[in-house]
Amino acid sequence: VLFRSDRVTGAITVFANVTTNGRPNSGAALGGIAYDAETKSLYVVDRETGLIHRLAPDGTDTGIYDHGTSGREAQGLPPVPWKSTPPVNIADPGFDSTKPETWNLAEPERRVFGLAVHQGRLYYAVADNLQIWSVGINPGGSLGQDAMIELVAPPSNGPTEISKITFDEQGR
């Protein structure tokens, strides 16, 4: 669920319920969020499915982008489809808030986190090998079929992900 705050009154209301085929995210949460002013599209990541949802200004879900299939296939990599698992039950003894493996996160090859919009492309971070990818934004806000790997970060000494992508005024 995404909330919004009224800029005058400060009242908090629901902006959008992000679901996949009617199923809400069960525990892995939502990840990065980015806004494209050109198409007035808000992009948000579902960390359980690895899908990037495109939301209209009124919060309506207007489409999804699946890096695990479309993105990977654009680079000649085998697809990694989402494997639906039972929803997380935080009251279940098998759930442990200190162990990410119990959170229902998507597989690393499809797990997206950080997002940014820059010069007509949506940049996104993928957990597998700490990669930054990008995909073109079409005039209506949907995402293209031209995904490419932009950067592979050096490996870390432990589990980590790229949670934020930013560009400076020079586009770096």
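Which residues does L115 touch, not counting residues up to four places away in sequence? In this predicted model, L115 touches G32, I33 and A34, then Y43, V44 and V45, and also I52, L122, Y123, Y124 and I165.

That list is a handy way into the largest nonpolar core. It has 15 residues, and L115 is one of the five that touch the most other members, along with I52, L122, Y124 and L143. The largest share comes from β10, with three residues. Apart from this core lies another one, of seven residues, including L2, A16, V18 and L55.

Now take a look at R54, which sits in strand β7 (residues 51-55). R54 is buried but has no salt bridge: the nearest side chain of opposite charge belongs to D61, 7.2 Å away. What the R54 side chain does reach is the backbone oxygen of G141, at 3.2 Å. Leaving aside neighbours within four places in sequence, R54 is in contact with S41, L42 and Y43, with T60, D61, T62 and G63, and with G140, G141 and S142.

Finally, check the backbone at two asparagines. N104 lies in the loop between α1 (67-74) and β9, and its phi is near 70°, a positive value in a residue other than glycine. N104 counts as buried because its relative accessibility is 16%, and the cut-off for buried is under 20%. N129, in the loop between β10 and β11, also isn't a glycine, yet has a positive phi of about 60°.

Note on methods:
Residues numbered from 1 in each chain as written. Predicted model: local features only at pLDDT ≥ 70, side-chain atom pairs only at ≥ 80, totals over all residues. Heavy atoms only, no water. Helix = DSSP H or I, 4+ residues; strand = E, 2+ residues; numbered from the N terminus. Buried < 20%, exposed > 50% of the residue type's maximum accessible area, 1.4 Å probe, protein only. Lys, Arg positive; Asp, Glu negative; His and termini not counted. Salt bridge = Lys/Arg side-chain N within 4 Å of Asp/Glu carboxyl O. Polar contact = N/O pair within 3.5 Å; in protein donor to acceptor, adjacent residues only side chain to side chain. Contact = heavy atoms within 4.5 Å. Core = buried A, V, L, I, M, F, W, Y, C linked by side-chain atoms within 4.5 Å.
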